[in-house]
There are 2 protein chains.
Amino acid sequence: MQDSDPPVVETRVPGAAFGGAPTIRDVARIANVSIGTASKALNAGGRLSQETREKVLRVAREIGYRPNDLAQSLHRAKSRTIGIISNDSFGRFTFPIVEALENRLAEEGIAVFMCNATDDPARERQHLDQLLGKRIDGLVVTARRADKRPPIGPLAHGLPVVYVFSQADDPAALSLLPDDVGGAVLAVGHLSALGRKRIAHITGPEHFEAVRLRRQGYRSALSRAGLAEVDGFYRPGVWSEAWGREVAAELFARREKPDAIFCGNDQIARGAADALREMGVAVPGDVAIVGFDNWDVMALATRPPLTSIDMNLKALGREAGDSLLEMIAGRKLSGVERRPCSLVVRASSVGGGGG
Amino acid sequence: MQDSDPPVVETRVPGAAFGGAPTIRDVARIANVSIGTASKALNAGGRLSQETREKVLRVAREIGYRPNDLAQSLHRAKSRTIGIISNDSFGRFTFPIVEALENRLAEEGIAVFMCNATDDPARERQHLDQLLGKRIDGLVVTARRADKRPPIGPLAHGLPVVYVFSQADDPAALSLLPDDVGGAVLAVGHLSALGRKRIAHITGPEHFEAVRLRRQGYRSALSRAGLAEVDGFYRPGVWSEAWGREVAAELFARREKPDAIFCGNDQIARGAADALREMGVAVPGDVAIVGFDNWDVMALATRPPLTSIDMNLKALGREAGDSLLEMIAGRKLSGVERRPCSLVVRASSVGGGGG
């Protein structure tokens, strides 16, 4: 047997190359699916195509992934609890992340302590002390912030920490974020594929990193489509409907009007759609609109309903759970990982009637 | 000394009458403030008037309340953890409750496990088993539900449980809810005080208890103001802007039009305001509008901004924390407690311009 097993050794190489037993992350990477999809396939849960499920299981066999590796390594999880520190008092963005994370960890019998620090460093430190006193096995930090945050302090040294929808100013940290550039490219690519040539971008304040990244995606997609950025068509401002209304009205008072608007969030998009309707401009006939966030409350109530970019926050939360489990099991993970957004097409870009 | 202390005994009588040492609940009741306000005054936190703070401290002295009573009784809190089971996957209503509850318990050094059951009884049971395995000291159940829920099962026997924004079908349970009847009375009372005579009510589906209670408040306030309920002016339906738009358009096609609309939520109110603006009906000139929820995203973006009823969810969450602490300390609490809503006046009912 030993003389004839080079192929088996061969298939184990990827695992060895990762500095340990292959993990679900390796399975996902090699099968070219998300960790969430790999997890669903391996746990026989969720809705997946037969083909995808078989591909994942085949890769798992080939690289010698054993589903029990994680469970076995989780003996390191002494308290079987982790903490989440959230700084998003609004909750709209963090709630789906926290919910998916909690669901993922519950599958491994790990419970989640929830703490709201609402951007108060003293309060965050107090929460952290309390969590460390409870001997948590890991920590997730989430937030809706304009920019990078300082990393969790020295008290947490050695504790696995995942930042999700939040980015630590520390190269050794693992931060999971939506791909804002890619999301903007999807939006603008969709509009240019529909034949739109004069695409404006109304967005939030530039001190948000997301605003700068989405602008980058907007420019890159315009350039890929061979389109020029019209002077005055990029309009940073505030995250509100009123801003969307104001700029839309202004742009349509110009001689050279846009034929499409990519908005930095769904509130701005809704404001723009309202202003255009009231000016008698047909959406999407005269102007196609794409929002960002795919916030159903806004997107579905807009007339016509908004095409929007979905940040897949539940998938992000689930992956944060997977990553934290791996770190608890002893792997070192770091870096800034950006996960793809999705385009959700509704009547504001390709509707028959609308407006 | 012993011969001369009747006054001291006197001031302790109220405490004795409660079957134990006076608690913060007693202080609040006697000082005629909320438990949250009493807690702030006693903990020297939060924004309070000097007068209120002094009144609370005086009552506390008079009835012999000792702030340490709770802390001392909390030796019963063995694990210094409690669980929250939420069934609200949307999060808009439960998030402020959970946040305030978590803040309150953190003051006592008690950490909160968060579990989402998303209305799946099997999942709820699994969470409960897990929480009991962690020897939680108490449990809070919260949800956005149409109606009463079955109480937490026999496994939780003896465990302090508080239902908040949720009502257990069990007379021995403590349920904390917003006063929906009172909220509707506030709304309709405001409109009738403004001289409105023909007040319509567009609302959500009648299988929601909140819809039935708000209707009751609507009728009772009409009757108090000596106003008739016009046939066809009460319109239950769905919780959406589209429903608000549809009914507003219909009501204004009638011969006898309303001069005010009380809406069951802010989405309906926003839809109504949009439809009226597009029909050229002035808000609040021709029709005043009041919403419910005071959901800033909706209320502030509506043109004109919405007057609305606030359910004071943070206060409800904080009180749930106070009540759970008392139960952990050994008090028995039960019953359905309804807490007052507030009226937040904006331009949709008393604006100068608007429309």
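Me: Is B:Asp293 buried or exposed?
Reply: This is a predicted model. B:Asp293 sits in the loop between strand S9 (288-292) and helix H12 (296-301) of chain B. Its relative accessibility is 11%. Buried means under 20%, so B:Asp293 counts as buried.

Me: Which residues is B:Asp293 in contact with, leaving aside its neighbours within four places in sequence?
Reply: Several parts of chain B supply these contacts. They are B:Arg92, B:Phe93, B:Asn265, B:Asp266, B:Ser308, B:Ile309, B:Asp310 and B:Met311.

Me: Where is B:Val140 found, and is B:Val140 buried or exposed?
Reply: B:Val140 belongs to strand S3 (residues 138-142) of chain B. Its relative accessible area is 1%. The cut-off for buried is under 20%, so B:Val140 is buried.

Me: What separates the C-alpha atoms of B:Val140 and B:Ser86?
Reply: B:Val140 and B:Ser86 are 54 residues apart along the chain. Contacts of B:Val140 beyond four places in sequence include B:Ile84 and B:Ile85. The C-alpha separation of B:Val140 and B:Ser86 is 8.4 Å.

Me: How do helix H8 and helix H9 of chain B pack: parallel, perpendicular or oblique?
Reply: H8(B) covers residues 180-193, and H9(B) covers residues 209-224. Their axes are 7 Å apart, at an angle of about 40°. Roughly parallel needs under 35 degrees, and roughly perpendicular needs 65 to 115. The angle therefore makes H8(B) to H9(B) oblique.

Me: How many nonpolar residues does the contact of H8(B) with H9(B) have?
Reply: From H8(B), residues including B:Val181, B:Ala184 and B:Val188 take part. From H9(B), they include B:Leu213, B:Tyr218 and B:Leu222. By class, the contact has 4 polar residues, 3 charged ones, and a nonpolar count of 9.

Me: What area is buried between chain B and chain A?
Reply: The contact takes 40 residues from chain B and 40 residues from chain A. Carbon and sulfur atoms give 50% of the buried area. The total is about 3200 Å².

Key: Residues numbered from 1 in each chain as written. Chains lettered and ligands numbered in written order. Predicted model: local features only at pLDDT ≥ 70, side-chain atom pairs only at ≥ 80, totals over all residues. Heavy atoms only, no water. Helix = DSSP H or I, 4+ residues; strand = E, 2+ residues; numbered from the N terminus. Buried < 20%, exposed > 50% of the residue type's maximum accessible area, 1.4 Å probe, protein only. Contact = heavy atoms within 4.5 Å. Axes fitted to C-alpha atoms, helices over the stretch in contact; angles between N-to-C directions. Parallel < 35°, antiparallel > 145°, perpendicular 65-115°, else oblique. Nonpolar A, V, L, I, M, F, W, Y, C, P; charged D, E, K, R; others polar. Buried area = accessible area lost by both parts, 1.4 Å probe.
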